[in-house]
Amino acid sequence: MRATFARRSRRVNSLLPNYIIATALALFTLLPLLSLVFNSLKSSAEIGQNPMGLPRVVHWANYVDAWNQAHFSVTMRNSFILTFGSIIGVVIISGLAAYALGRLNMPGADIITLCILVGTSMPMQLFMVPLFFLWSRLGLTDKLIGVIIIYWATMSPFATFLLRSYMVSIPKDFEDAARVDGASELQVLSNIIVPISMPGFLTVALVTGLSAWNEFLLAVTFLHRDDVKPISTALYAFQTRYARDWGLTSTAAVIMALPVVVLFLLLQRQFIEGLTQGGLKA
Amino acid sequence: MATDLEVGKTIMQGQVLVQAAATAQVRQPKRPHVWRKAVLPWLFVAPLLIANIVVVLGPSVGSAFFAFTDWSGLGSFKWVGLANFQRMVGDRVFHVAFANNVKWTLLFLIVPIGMGLFGSAIIAPIKRGAMFYRVAYFVPHVIASVVNAEIWRQILHPTMGIGPWLASRGLKFMDVAFFGNVHTVFYAVAFVDNWQWWGFLLVLYLAAMQAVDPELYEAARLEGANRWQEWRNVTLPGILPNLVFTILITIMWSFKVFDYIYLLTGGGPAHASEVLATQVFNEAFYQFEAGYAAAIGLTMSLISALVVVVFIVLRRKGWEI
């Protein structure tokens, strides 16, 4: 008993430098985030005198003011439509493609994979200008569905690779049994493969939703009218308009980050796995 | 415990094989399923292919064409041959932007990767509280660039930020308008982007380290290796593929970097923080020089492609990356 205690305390002691450095690094990431939350609770008068410290008087009114002045009821709705529209489309598109590429032994799978890889390595600046021209011809600029379609195209390749790696590892006999019973490929996919690959689909949904919620470049390019702006570009416009009023801009920023941070804390394993997957699969 | 799992898995696989053999005997194809084998898979892949062709590949080919025209982004255009590329050679803004992308690449190959490797080595032996640290380092990476930009616009503000605060406490040299000074703006923006990026790399390296065979550490310890030798001879070779992968994406992403620069400085002041992506955006949507923008975009893509090709060639040559 005493021996294990001594050993443990020796271990903790030898790890003390590690804990000090790790904590310093954690403060480096967390303090700036905290300062944003603190500023969101200060009146503009207080920010002038006390821009860095804890709020002396908690000023909740910022949340009401920012919500109304940044038209969050509209921009939140737009962001939710973009997010869920992207998730639904990406899950369907990549689920179907991953099934064909991973389980149907399709001829030409390598070539398709290569094409998609080439597509994902293209910088958006290469295709954005002609795409903008095409989209305005088709009447898809300043429409949420226009941007959702672009997200489908840019986010599906990653999702396809991720789901494919899930599906490849499923034993073949499950689906063979179903095929013997006369199930169509679509039924095999929806009744057997999808339920087994559910963790993969959850990861894909999370990563897609996160990217759509946070996305800036395409949103700022394709959505100009106030009534279609998502929260990211609306927040940017709000920051420029109220640059002097840190209370309001901080609050608006916190409102945008809050759903993501809460979801991340609840499902951090899935988030981290999904976002680092690309790096680990190499 | 682990061996139990292995035995279980092997038994399971055996059963699966027996079952598969049984079903294979039952299932005799009545006629060749051309539909199932050759047509159906294409239908499943079609949405992905169509979306990619319409949004990415088609317009990219379009750009490769428009790069040789004087297109404004609207209406008509005429063929100008290599004029846009000749213009790039003499364009001071392009020179600055290109040099900044190269500088950004070097900076991001050193600082966040170094911090990620160092941090992961520090965190790895920590058991108690490991989850907290992992989450703390990762959080900025899931927060939108717009939000992170707001945070640092405030902290690095020339009159209300940390600079004047430190200056009033004796550190006079910190009284700098970080985003307004042509000498500091590039590093200030890179600092902000790195702040949300290094933790991602740390967590990635940490995950890779967990896949390294623990017996190798055991062996290193038995031979009396110190921590540095252990890291150098066991950890580093173990995570090398992941390290190389992060080097590859760092180079590719450094040539596409846009968000933090656009949000914090728009490329200014006086183009001091301009990069190719912000220049393309500016030329295309504010100067109505879509042809020229396409030429710059094409150059960016060629650099990306070059990196991938070099990577593939090195791998073919037997480099273990």
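**Entry 1: helix 11 of chain A**

I began with helix 11 of chain A, where 13 of the 17 residues are buried, so the rest of the structure largely encloses this helix. The model I am reading is predicted. I then checked the length of helix 11 of chain A, residues 198-214. From first C-alpha to last, the 17 residues reach 24 Å. That is close to the 24 Å expected at 1.5 Å a residue.

**Entry 2: chain B as a whole**

Next I looked up the make-up of chain B. I found 13 helices and 0 strands. Read from the N terminus, the elements run α-α-α-α-α-α-α-α-α-α-α-α-α. Chain B has 321 residues, and buried ones make up 41% of them. I also looked at contacts in chain B between residues at least 6 apart in sequence. Of these, 66% join residues at least 24 apart.

**Entry 3: where A meets B**

I turned to the contact between the chains. Chain A puts in 78 residues and chain B puts in 79 residues. Which element of chain B gives the most to the side that touches chain A? I found helix 2, residues 34-66, with 19 residues. I sorted the residues on that side of chain B by type: 58 are nonpolar, 16 polar and 5 charged.

Helix 14 of chain A brings W246(A), T249(A), S250(A), A253(A), M256(A) and A257(A). Helix 6 of chain B brings V146(B), V147(B), E150(B) and Q154(B). By type, the residues of this contact divide into 6 nonpolar, 3 polar and 1 charged. I kept one rule in mind for the spacing: an α-helix has 3.6 residues a turn, so residues three or four places apart point the same way.

I went through backbone angles next. Most residues other than glycine have a negative phi, and most peptide bonds are trans. I looked for exceptions to that.

A cis peptide bond joins G268(B) and P269(B), with omega about -10 degrees. I placed P269(B) in the loop between helix 11 (259-264) and helix 12 (276-285) of chain B.

A270(B) is in the loop between helix 11 and helix 12 of chain B. Its phi is positive, about 50 degrees, although A270(B) is not a glycine. H271(B) also has its place in the loop between helix 11 and helix 12. I read a positive phi near 65 degrees for H271(B), again in a residue other than glycine.

Is A270(B) buried or exposed? I counted 11 other C-beta atoms within 10 Å, so A270(B) is exposed. H271(B) has 21 C-beta neighbours inside 10 Å, so H271(B) counts as buried. The cut-off for buried is 20 or more.

**Entry 4: helix 9 of chain B**

Last, I looked at helix 9 of chain B, residues 214-222. How many of its 9 residues are buried? I counted 0, and this helix is hardly covered. G224(B) follows helix 9 of chain B, and its phi is positive, near 80 degrees.

Notes:
Residues numbered from 1 in each chain as written. Chains lettered and ligands numbered in written order. Predicted model: local features only at pLDDT ≥ 70, side-chain atom pairs only at ≥ 80, totals over all residues. Contact = placed C-beta atoms within 7 Å. Helix = DSSP H or I, 4+ residues; strand = E, 2+ residues; numbered from the N terminus. Nonpolar A, V, L, I, M, F, W, Y, C, P; charged D, E, K, R; others polar. Expected span 1.5 Å × (residues − 1). Buried ≥ 20, exposed ≤ 12 C-beta atoms within 10 Å, placed from the backbone.
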